[in-house]
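Subject: Structure handover, salt bridges

Hi,

Here is the structure I promised to send over. My notes on its charged pairs follow below.

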Amino acid sequence: MPVQLNHTIVHARDKQATARHFVDVLGLDEPKPFGPFLVLELSNGVSLDVLDDSEPVPQHYAFLVTEPEFDEIFGRIQERELRYWADPFHRRRGEINHNDGGRGVYWEDPNGHSLEIITRPYGSGG
Ligand SMILES: [Fe+2]
């Protein structure tokens, strides 16, 4: 039986600054405090629960977005002069990719977590 991812924890040196980054760049709703977490709700029902941690281990979080959302988010990445790459190994700096016939780009949050937006799921391009 398939199951659904419900939430995961994003470890952060500063949960306020990290939640701010996710809200401002991705255009999410304001976080809701829940216990030690700042909870960010995504449109498919998954939440990212941001938690203070003095030594967060870099993780990877990828977000599926529409083409107009890609334009908005990528615009904010550029406005903020964040470094971005077309690939997860950070070899193609200042570029986006067109994998699966869509668009994708990688950047980092304040903890060094690798964030990615894609307009087509991996492998969907046939
Ligand atoms: Fe990825």
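Partly exposed means a relative accessible area between the buried limit, under 20%, and the exposed limit, over 50%. Please keep in mind that this is a predicted model.

At 36% relative accessibility, Glu95 therefore counts as partly exposed. Its salt-bridge partner is Arg92, with the closest N and O atoms 3.2 Å apart. Arg92 is partly exposed too, with a relative accessible area of 36%.

Salt bridges that share partners also link Arg20, Asp24 and Glu30 into one network. Within it, the side chains of Arg20 and Asp24 meet at 3.0 Å, N to O. Both residues sit in helix H1 (residues 15-26). They are four residues apart, about one turn of the helix. Arg20 is partly exposed at 34% relative accessibility, and Asp24 is partly exposed at 27%.

Next, Arg103 and Glu67. Their side chains form a salt bridge at 2.8 Å, N to O. Arg103 is in the loop between strand S6 (84-85) and strand S7 (104-108), while Glu67 is in helix H2 (residues 67-79), so the pair ties together parts 36 residues apart in sequence. Which of the burial classes does Arg103 fall into? Arg103 is buried, because its relative accessible area is 18% and the limit for buried is under 20%. Glu67 is partly exposed, at 32% relative accessibility.

For the overall tally, the structure holds five salt bridges.

Best wishes

Note on methods
Residues are numbered from 1 along each chain as its sequence is written. This is a predicted model: local features need pLDDT of at least 70, side-chain atom pairs count only at pLDDT 80 or more; totals for chains, interfaces and linings use all residues. Side-chain values use heavy atoms; hydrogens and water are left out. A salt bridge is a side-chain nitrogen of Lys or Arg within 4 Å of a carboxyl oxygen of Asp or Glu. Helices (H or I, at least four residues) and strands (E, at least two) are DSSP runs, numbered from the N terminus. Buried means under 20% relative accessible area, exposed over 50%, partly exposed in between (1.4 Å probe, protein chains only).
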